[in-house]
Amino acid sequence: MKAIYFALISLAAVVLSFSQMTAQERDPREICGDIIAQALLARKIEKRDDNTERGERYFMCSLSNSAVRTLTKTMESEAGGGGGSFEIPGLFSIDGKGEGSTSAGLTDDRINKWKAQKCEETSKAVNQSSAVYALSEQLTPEQVKAWEACIVASTPTIVNDLKCFADPSRTEIAFRANWRSNVGLNPTIDSIFISRDGKREDIKTSNGELRAGNNLFVVPRVGVGDHLFALTAHSAGSTFDCTVLVPGKIEPELSEENFGPIVGNWCGDESNGKLLVGNLRDFAIRDGGDRVIFKYRPIARYYLPARPGTPEYVPYEKKERGPEQEARYPFTTVRPGLIGAVEPIGLWENNHDYDYTTKKWHILPTNGKYIRYIQLIRKQGPELWWFRIRMLTDSEDARIPVDVPDIEEKMRATDPLIFRAC
């Protein structure tokens, strides 16, 4: 795929002082957005994915229509000077090959129609911060801190001011509510919550009010979806609020680069210690697009356990096999060369009981935890290693990511099933 390059004029040429902003009637956040635009677009990003495209979309949604046109004209000028190409699907394409139009065709009607279809949030502030957190892999910590400092400084003459930020990691998100008051107010918190996949969860506070400086609220990062933080407070008849959206990471589909090495016919032996479902040791892996296809011939009947050398012993290769069957599973790319899937919660791997009224089985926690498993497959030299890693969750329906932070350590502590090409 042809690499897509971004280029923009230097930060010194576009970042105006806030006194200049008043004369030119620019939104203070758009000036801070110049920092993100320069940091992002001046870098050559050769490998774009869904998360990058979503971050770019959030950024464009944070701009006014005139700022969209100004930015597009600047990028057209840079592209004409060898700066490469730039495209926002459905809105514009710098080299004219993509869907959309160049800056000449970006009327207010066209931009407004695109925003109505593509912008998930209506708030410019939420869109801009969402762009920052969605593009965390493209931005350095120093660039993010510069943007935050600009946002705080965008209200130079303050009486009372609330700004919110986030520090996302793989396991948790620290939300920071930055409160400033030159009259010494400590607003009472009316509401503070985190929303994941549309489900609201209130956050407990220690003192119920905002103090001067950064007020920290740390929540676990659950699953791979969006995390929306919202805070509302009041003092002296005024209301203060802020919202921060940390976009979820979109799991990439299996690529040929990651999936290709594991395609083939694989066989194991008794040294595995345990076998796959149905006492299988051999199977084939095929590419099913968004699924991994496993093909196998199950053992057709039950054989009594027997020691080798006894009359009852039947070698695996001589056991009667049934017709070929096929199973499809939604494995995703964890990282290059490693694919994985989270198993549905199992009845027999957890405590359970039967409700004779509803005539349904119910899963019960063990020491307050529910048992789940992650399956991981990787090519290790000439061999195929298949891991099944035990995980504990706090609730039966808790979502866990395939790429848990300590996945490599868990793999080293787990004996995999080992298969060789056959």
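Biologist: Which handedness does the link of C32 and C150 have about the S-S bond?

Modeller: First, this is a predicted model, in which local features need pLDDT of at least 70 and side-chain atom pairs count only at pLDDT 80 or more, while totals for chains, interfaces and linings use all residues. Residues are numbered from 1 along each chain as its sequence is written, and side-chain values use heavy atoms, with hydrogens and water left out. C32 and C150 form a disulfide (a pair of cysteine sulfur atoms within 2.5 Å), with their sulfur atoms 2.2 Å apart. The angle about the S-S bond is -85°, and the link of C32 and C150 is left-handed.

Biologist: How many residues apart are C32 and C150?

Modeller: Helices (H or I, at least four residues) and strands (E, at least two) are DSSP runs numbered from the N terminus. C32 sits in helix α3 (residues 28-41) and C150 in helix α8 (residues 141-153). The pair thus links distant parts of the chain, and the separation is 118 residues.

Biologist: Are C32 and C150 buried or exposed?

Modeller: Buried means under 20% relative accessible area, exposed over 50%, and partly exposed in between (1.4 Å probe, protein chains only). By that criterion, C32 and C150 are both buried.

Modeller: The next pair can be treated likewise.

Biologist: Why is the disulfide of C61 and C119 called left-handed?

Modeller: The sulfur atoms of C61 and C119 are 2.0 Å apart. The disulfide of C61 and C119 is left-handed because its S-S torsion is about -95°.

Biologist: Where does C119 lie?

Modeller: C61, its partner, belongs to helix α4 (residues 50-61), 58 residues apart from C119. Both C61 and C119 are buried. C119 lies in the loop between α6 (108-118) and α7 (124-134).

Biologist: What is the torsion about the S-S bond of C164 and C242?

Modeller: C164 and C242 are joined by a disulfide with an S to S distance of 1.9 Å. That disulfide is left-handed, because the torsion is about -45°.

Biologist: Which strands hold C164 and C242?

Modeller: C164 counts as buried at 10% relative accessibility, and C242 is buried at 9%. The pair ties together parts 78 residues apart in sequence, because C164 lies in strand β3 (residues 160-168) and C242 in strand β9 (residues 238-246).

Biologist: What is the pairing of the bonded cysteines, numbered in sequence order?

Modeller: The count comes to four disulfides. In sequence order along the protein chain, the pairing is 1-4, 2-3, 5-6, 7-8.

Biologist: Which residue is the bridge partner of W385 in β20?

Modeller: Two strands pair if DSSP finds at least two bridges between them. Strand β19 (residues 383-393) runs antiparallel to β20, with four bridges. Strand β10 (residues 264-267) is also antiparallel to β20 (residues 417-421), through two bridges, and there W266 is partnered with A421. The partner of W385 is I418.

Biologist: What is the phi of K359?

Modeller: Most residues other than glycine have a negative phi. K359 lies in the loop between β16 (351-355) and β17 (360-364), and is exposed at 64% relative accessibility. Its phi is positive, near 60°.

Biologist: What is the phi of N367?

Modeller: N367 is in the loop between β17 and β18 (370-380). N367 is exposed, with a relative accessible area of 80%. The phi of N367 is positive, in a residue other than glycine, and is near 55°.
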